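User: Could you walk me through this one slowly, please?

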Amino acid sequence: MNIDDRFPLDDRHRLIDWYQQGHRDLPWRATRDPYRILVSEVMLQQTQAERVIPRYHDFLERFPTIQALADAPSSDVIRAWSGLGYNRRALNLQRTARAVVERHARRMPSDPAVLRDLPGIGPYTAGAIACFAFEQDVAFVDTNIRRVIHRVVAGPDVPEPRLSGRTIDEISRALVPAGKGYAWNQALMELGATICRARMTACERCPLQDICVARPVIQPLLADRPRAKAAQPKFETTSRYFRGRIMAALSASADSGLTLRELGPLVKVDFQPSDARWLRGLVDGLAHDGLVVRALTVHRGIAEPAPVYDAGSPDLDARFRLPD
Ligand code: SF4
């Protein structure tokens, strides 16, 4: 595939012009501060932009610098993250901040290869920081970028994509227009988020409609797709939901945390002692992820680990709290 034939440079510039003529006003587009870009990218990993915006401002007010985030107790970071979900992101973000402070004297590296060596940073986030903070001409692929590139150069990505992830990565690297990496990647993401969406496209308003391979067929194909996959379990019955409830209850509690007996009714309205093993399993999973720790009990002024449970009946007086 000759990529310059499939996606000529003039058309890439047309996409950039489209972006520059009007795009969503997102706060992380008004900064090149690497720390702010890092926070936004981690928040955006599994949360929509509209939900992220207020939390991004709150988080930066609470932790205005990478040093402030590195120095904070992890419990404060988890509390500040409360409600965004996927709480491991909060701990990973703090691990990244601590590594930048310790290894790089508080200065975020600009080289994607060095960024990828930081804990909690994958290829996508490394590329996004190098591009959006340091304006480097690097390629990185998220779901929006992957979808747009696939449709334009290879046709519909439904019912199954024709190109592998590796091929899309190679194409995306070849497409970055010299000196325009920032606007190019923002434009691809903007098009994927607003015009060329996963389940609906507005091809008639798309600046790439003249060259797009998918254009003639994508709308009927998407219209024919079943609306929903086979019945999914209701979110309120999932472990993820109850893990979120546990984190919310511990975030709202005093630093000493809560016993399983106190936690149970806050997590599940009709909590029964027979649910203790289930609850303990969820808490153990969170402890494994570093999001909660077992609290010590104080007996006659001496802190000691809470008693070991009988494997058959978890101790409802075992206490858990957020990490320091
Ligand atoms: S023409 Fe349609 S399918 Fe092609 S990139 Fe634009 S919105 Fe997507």
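User: In which crossing does H3 pass H4, left-handed or right-handed?
Analyst: H3 passes H4 in a right-handed crossing, a term used if the near helix is turned clockwise from the far one by less than a right angle, with left-handed used if it is turned anticlockwise. Helices here are DSSP runs of H or I with at least four residues, numbered from the N terminus. This is a predicted model, in which local features need pLDDT of at least 70 and side-chain atom pairs count only at pLDDT 80 or more, while totals for chains, interfaces and linings use all residues. Residues are numbered from 1 along each chain as its sequence is written.

User: At what angle do the axes of H3 and H4 cross?
Analyst: The axes of H3 (residues 34–44) and H4 (residues 49–62) cross at roughly 140° and come within 10 Å.

User: Which residues make the contact?
Analyst: Among them are Val39 and Met43 of H3, with Val52, Tyr56 and Phe59 of H4, where contact is C-beta atoms, placed from the backbone, within 7 Å. By class, this contact of H3 with H4 has eight nonpolar, one polar and two charged residues.

User: New topic: how many residues surround the ligand?
Analyst: There are 14 residues around the ligand, and the closest are Cys196, Thr201, Cys203, Cys206 and Cys212, with a C-beta atom, placed from the backbone, within 6 Å counting as near.

User: Which helix gives the largest share of that shell?
Analyst: Helix H10 (residues 143–154) does, with three residues.

Conventions: Helix = DSSP H or I, 4+ residues; strand = E, 2+ residues; numbered from the N terminus. Axes fitted to C-alpha atoms, helices over the stretch in contact; angles between N-to-C directions. Contact = placed C-beta atoms within 7 Å. Nonpolar A, V, L, I, M, F, W, Y, C, P; charged D, E, K, R; others polar.
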